[in-house]
Amino acid sequence: MASTKTMQGAGRAEEAHLSEATVLVASDGARRTLTLNRPAALNSFTGAMHRELLAALEAAAADASVRCVVITGAGRAFCAGQDLADPDMVGDVDVGAVIERCYRPLALRVRSMPVPVVAAVNGVAAGAGANLALCCDIVLAARSASFIQAFSKIGLVPDCGGTWLLPRLVGRARALGLAMTADKLPAEQAERMGLIWQCVDDAALHESVAALAQRLCALPSRALAETRRVLDASMALDLGDALALEAAAQRDLGHAHDFKEGVAAFFAKRAPQFKDR
Ligand code: T3D
């Protein structure tokens, strides 16, 4: 299980536990930060890291005090995708089963969190690591970071949602270009082509993520999660059905606390206190 202790203030036994954890979990107010922690292997995914990350996401989803989740990597990489040296992966493995067991639940969990999820891409994001980042709602990347759809180099197709995400984010031509060449895409170029939200100087990444997370924590979580859900669903709908889905979402949100609070705060010229999730 991933530790739920913050790094600061952890006792010796807890520190030992933390150093073994493949996902570090830290809380700062309403922000929950999950750090992929296998830096020697560029935070590539083992079965254990999958289990810990999913458990940490489930815990964040179930904790009403959490209003924003940040996913980042320890060391010089964000995540290099599947650990190709994982003993479970060597030999004639059923790769499809790995996707069903690990990557499908991970992508769906990230994409259905009740709060916004930010990827803080601190370094290279390759293979499923790139697509884990792209599953997140907002991607902030350090200028030295890069994105690599590494799959074609090893005879696979983009997974962890890559085939769904890439054409939606950057269009078919760029999606195919990125996926077929497996070229390294620098963060600045990723921002320019609309693959990610923003690229910032390396030294500013931590501060920028903290500022963004603080803003997201103060916003109406339930409306933000609904925005993601409706926007994703609209991709498969015609305009009439998309408008109907918007109406259904507004109907529910219109009865909720946060809408009343938002309007009251607007007229009272004060900051709203949102609490729905
Ligand atoms: O079952 C399944 O496989 C299905 C699931 C598929 C999902 C996927 O994600 S498939 C794609 C898997 N990922 C890759 O193919 C990326 C492989 N890594 C790289 O291409 C490069 O490492 C990077 C471009 C990411 C970074 O290059 P660089 O030069 O900065 O670092 P490096 O020297 O290559 O790597 C540093 C260490 O990390 C090195 O170990 P060493 O030599 O110091 O002991 C390297 O082997 C290790 N490492 C990097 N990526 C992985 C890895 N070890 C295991 N698995 C990795 N994916």
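Val 121 touches Phe 78, Ala 133, Val 139, Leu 140, Ala 141, Ala 142, Ala 145, Phe 147 and Leu 205, leaving aside its neighbours within four places in sequence. Contact here means heavy atoms within 4.5 Å. This is a predicted model, where local features need pLDDT of at least 70, side-chain atom pairs count only at pLDDT 80 or more, and totals for chains, interfaces and linings use all residues. Residues are numbered from 1 along each chain as its sequence is written, and side-chain values use heavy atoms, with hydrogens and water left out.

Val 121 belongs to the largest nonpolar core, which has 67 residues. A nonpolar core is a set of buried Ala, Val, Leu, Ile, Met, Phe, Trp, Tyr and Cys residues joined through side-chain atoms within 4.5 Å. Buried means under 20% relative accessible area, exposed means over 50%, and partly exposed is in between, with a 1.4 Å probe and protein chains only. Which members of the core touch the most other members? They are Val 69, Val 121, Leu 132, Phe 147 and Leu 195.

Val 110 is in helix H3, residues 95-111. Helices (H or I, at least four residues) and strands (E, at least two) are DSSP runs, numbered from the N terminus. Val 110 counts as buried because its relative accessibility is 1%. Val 110 and Asp 137 are 27 residues apart along the chain, and their C-alpha atoms are separated by 8.7 Å.

Asp 137 takes us to the largest pocket. The volume of the largest pocket is about 740 Å³. Of its 31 lining residues, Cys 136, Asp 137, Ile 138, Val 139 and Trp 197 are the closest to its centre. On a 1 Å grid over the protein atoms alone, a pocket is an open set of points with protein on both sides within 12 Å along at least five of seven lines, a cavity is a set where a 1.4 Å probe fits but cannot get out, and lining residues have an atom within 4 Å of a point. Grid points are joined across faces, edges and corners, and a volume is the space filled by probe spheres set on the points.

What does the lining of the largest pocket consist of? It divides into 21 nonpolar, four polar and six charged residues. Ala, Val, Leu, Ile, Met, Phe, Trp, Tyr, Cys and Pro count as nonpolar, Asp, Glu, Lys and Arg as charged, and the others, Gly among them, as polar. Strand E7 (138-142) and helices H5 (162-181), H7 (205-218) and H8 (221-234) each supply at least two lining residues. H8 gives the largest share, six residues.

Domain 1 (4-218) and domain 2 (221-268) each give at least three residues to this lining. Domain bounds come from an automatic or database domain assignment. The centres of the two domains, taken over C-alpha atoms, are 27 Å apart. Their contact takes 13 residues from domain 1 and six residues from domain 2.

Next, the cavity. One cavity of 30 Å³ or more is counted. The largest cavity has a volume of about 40 Å³, and its lining is Phe 147, Ile 148, Gln 149, Leu 178, Asp 183, Leu 185 and Leu 195. Five of these are nonpolar, one is polar and one is charged.

Now two backbone angles. Most residues other than glycine have a negative phi. Cys 160, in the loop between strand E8 (146-148) and H5, has a positive phi near 55°. Ala 182, in the loop between H5 and strand E9 (184-186), also has a positive phi near 55°. Cys 160 counts as buried because its relative accessibility is 4%. Ala 182 counts as buried because its relative accessibility is 3%.

Is Lys 153 buried or exposed? Lys 153 counts as exposed because its relative accessibility is 62%. Lys 153 is in the loop between E8 and H5. Lys 153 and Ala 179 are 26 residues apart in sequence and 9.6 Å apart in space, C-alpha to C-alpha.
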